[in-house]
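I opened this notebook to keep track of what I looked up, one entry at a time.

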Amino acid sequence: LLLVFARSRKVSDIVYCSHPLVIALMLFMFWATLSILWSFNRDYTVVYLMRLYVSGLLGFLVFQIRSKSHFATLLGFVYFGCVLLSAFGLLQHFFDIQIVMQAAPPASTFGNRNAAAQVIVVTWLLGIYFLSGTRSKGSNQYFLCCSIALVLAYIVHISSRAAWVAMGAQVIAMSAFVLAAKFRSKQPLGFGNIGLKPILTSVLVFLVLVNMDSSGYKSVLESIATEVSDIATVSSTLGSENEYSRFKLWRTTYQVFLDQPILGVGLGGFEAVWQRYTTSLGVVFVHAHNDLFQIMAELGIVGGLLALSCVGIMLSLGYRFLIGPHDNDTFLKYLVLVLIGGLAVTSLFSTPLTRPGPLSCLGILFGVLLGLEHIKPEQIRRLPLDIMRKRKLTVMATLIMACTITINVLWSVDLFRVERSVNKRNFSEKIRYWSPVEHPRYRSVVLAISHLSHVDPQITEFIAKSFYTIGQVDTIIN
């Protein structure tokens with residue numbers, strides 16, 4: 001995309017702004033990049049920086065859009081992806097389709113249900129935006145209402161408690177804006193134009209989908225009761241000997257932060273460090289399952305304050321949108337902000353800020369939000385792109401693309417060789433790695449050998465030497 005942007009004849013300048021949110025985000029990325037100097041795991045730092053840069057680059061390119069209609073088109077494609085993901089996930093769940101293997105049904109092609117839910121949390125409200133106002137008429141109302149029902153049914157079946165909490169908070173925040181628009185500004189936002197039949201149809205679709213599974217009818221109340229019971233059981237273990245593993249993990253993450261309070265252990269250094277602090281969890285965690293804690297552990301108090309400053313700026317924007325004029329443009333900006341806020345709530349219980357999917361969606365939403373905030377020509381600054389600057393941008397884009405493709409190809413080759421060796425249990429020759437940068441997936445594949453409960457000591461030693469280290473010290477298998 002950057003290469004197309006650089007070579008486009010229609011592009012004559014670069015648009016930028018000095019919004020406080022942009023400054024805070026750039027300072028955070030600069031500090032994260034700087035952390036490679038003291039990181040405990042520079043390979044992982046490179047991996048996560050690539051993801052951050054992709055998200056930031058998407059936000060930059062989206063910000064270059066100077067038309068509200070083009071923003072709407074882009075968000076339409078994003079919402080279509082949300083619906084497509086939900087539809088595919090439900091098809092796999094109901095009919096046990098194994099064309100694409102599921103790591104944890106009904107998580108579709110994702111590694112687990114939380115990974116799938118995070119993308120839904122940051123996109124699903126766009127359906128309500130397109131449903132409001134004059135943007136939905138006739139058959140479009142049926143499609144949009146039923147698509148929202150489909151997405152909500154998928155979230156129910158995923159049973160991601162973090163997603164349920166986040167989406168509940170999003171509903172409360174959106175209800176506050178709708179009520180403020182109705183009673184303060186007397187602006188119905190077009191919801192009064194939605195017909196009763198599309199709403200009833202979507203309710204029927206939702207009730208049918210949530211009370212089904214691969215075996216036929218299954219009451220959704222049973223599933224919800226089970227999840228609520230699990231929450232109560234987990235909460236009761238706090239502080240006990242049988243404490244829930246994530247509570248222990250969060251306490252350990254806090255201890256990592258206390259030992260490196262200023263600089264942290266470097267972006268991506270968490271996994272290499274936390275195992276030094278505890279041996280009681282019984283499982284290996286790649287992430288802290290709380291992005292704020294992990295940011296503070298990896299980037300220290302400086303990174304934590306920068307992250308919290310971004311949250312504070314977004315809260316002030318939300319308050320301004322809530323008490324200001326309640327027109328359709330403000331409604332869209334507020335909705336985008338609520339989507340970002342929902343992902344922030346999810347990040348308190350999971351790891352969306354370490355995954356490419358949610359980060360990419362986040363970059364797009366930030367670009368849309370800032371683009372709508374600076375839609376007027378007098379609100380932006382322009383950097384002219386002459387022939388020389390276009391050439392420099394083209395060279396930079398080409399190098400970035402070449403490096404990214406090369407390293408991903410090398411990772412794919414390595415993962416194929418590792419998985420093939422583990423599956424065949426063939427340890428006759430040492431595995432060669434082609435990529436100069438270790439990928440987090442290597443270790444999770446290596447951990448697949450844990451099913452070899454009875455292995456000859458010499459083979460065990462050979463396995464340990466053949467694979468990348470699982471921490472700063474190799475894991476020993478008795």
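The entries below go from the whole chain down to single residues.

**Entry 1: the whole chain**

I began by noting that this is a predicted model. For the secondary structure I found 18 helices and four strands in the protein chain. I then looked up burial: of the 478 residues, 47% count as buried. Among contacts with a separation of 6 or more, 77% are between residues 24 or more positions apart. The accessible surface comes to about 24200 Å², and carbon and sulfur atoms hold 66% of that.

**Entry 2: cysteines**

How many disulfides does a search of the whole structure find? I got zero. I checked Cys82 by hand: the nearest cysteine sulfur belongs to Cys361 and is 8.8 Å away, and Cys82 is in no disulfide. Cys82 has 2% relative accessibility, so I logged Cys82 as buried. Cys146 is also without a disulfide. For Cys146 the nearest cysteine sulfur is that of Cys145, at 6.8 Å.

**Entry 3: helix H5**

I moved on to H5, which is mostly covered, with eight of its nine residues buried. I wrote down the buried ones: Asn114, Ala115, Ala116, Ala117, Gln118, Val119, Ile120 and Val121. What do the buried residues of H5 pack against? My list reads helix H4 (68-95), helix H7 (139-158), helix H8 (161-183), H11, helix H14 (328-346) and helix H15 (356-373).

**Entry 4: helix H11**

Helix H11 covers residues 245-259, and I ran a length check on it. At 1.5 Å a residue, its 15 residues should span 21 Å, and the end C-alpha atoms are 21 Å apart, so the two agree. The buried residues of H11 are Arg246, Phe247, Lys248, Leu249, Trp250, Thr252, Thr253, Val256 and Phe257. I also looked up their cover, which includes helix H5 (113-121), helix H10 (220-236), helix H12 (270-274) and helix H13 (291-323).

**Entry 5: salt bridges**

I counted four salt bridges in total. Side chains of opposite charge can pair when their charged atoms come close.

The Asp13 and Arg382 side chains meet at 3.3 Å, N to O. Asp13 sits in strand S1 (residues 13-16) and Arg382 in strand S4 (residues 381-384), so this pair links distant parts of the chain, 369 residues apart. Is Asp13 buried or exposed? At 18% relative accessibility, Asp13 counts as buried. Arg382 is partly exposed, with a relative accessible area of 43%.

I then found Lys68 and Asp329 in a salt bridge at 2.5 Å, N to O. Lys68 lies in helix H4 and Asp329 in helix H14, 261 residues apart. Lys68, at 42% relative accessibility, counts as partly exposed, and Asp329, at 32%, counts as partly exposed too.

Glu373 and Arg320 form another salt bridge, with their closest N and O atoms 2.5 Å apart. This pair ties helix H15, which holds Glu373, to helix H13, which holds Arg320, across 53 residues. Glu373 is buried at 12% relative accessibility, while Arg320 is partly exposed with a relative accessible area of 41%. Through shared partners, salt bridges join Arg320, Lys333 and Glu373 into one network.

**Entry 6: a nonpolar patch**

Which residues make the nonpolar surface patch of about 460 Å²? I noted Leu196, Ile199, Leu200, Val203 and Leu207. I placed Leu196 in helix H9 (residues 196-210). At 60% relative accessibility, Leu196 counts as exposed.

**Entry 7: Ser159**

My last stop was Ser159, in the loop between H7 and H8. I found Ser159 buried, at 10% relative accessibility. Its contacts, leaving aside neighbours within four places in sequence, are Arg113, Trp164 and Glu227. I also looked up Ser223: its C-alpha atom and that of Ser159 are separated by 8.1 Å, though the residues are 64 apart along the chain.

Definitions and conventions
Residues are numbered from 1 along each chain as its sequence is written. This is a predicted model: local features need pLDDT of at least 70, side-chain atom pairs count only at pLDDT 80 or more; totals for chains, interfaces and linings use all residues. Side-chain values use heavy atoms; hydrogens and water are left out. Helices (H or I, at least four residues) and strands (E, at least two) are DSSP runs, numbered from the N terminus. Buried means under 20% relative accessible area, exposed over 50%, partly exposed in between (1.4 Å probe, protein chains only). Contact means heavy atoms within 4.5 Å. Accessible areas come from the Shrake-Rupley method with a 1.4 Å probe; for residues, only the protein chains shown count as cover. A disulfide is a pair of cysteine sulfur atoms within 2.5 Å. The expected span of a helix is 1.5 Å times one less than its number of residues. Patches are made of residues with over 30% relative accessible area and no salt bridge: like charges are joined within 9 Å, nonpolar side chains (Val, Leu, Ile, Met, Phe, Trp, Tyr) within 5 Å.
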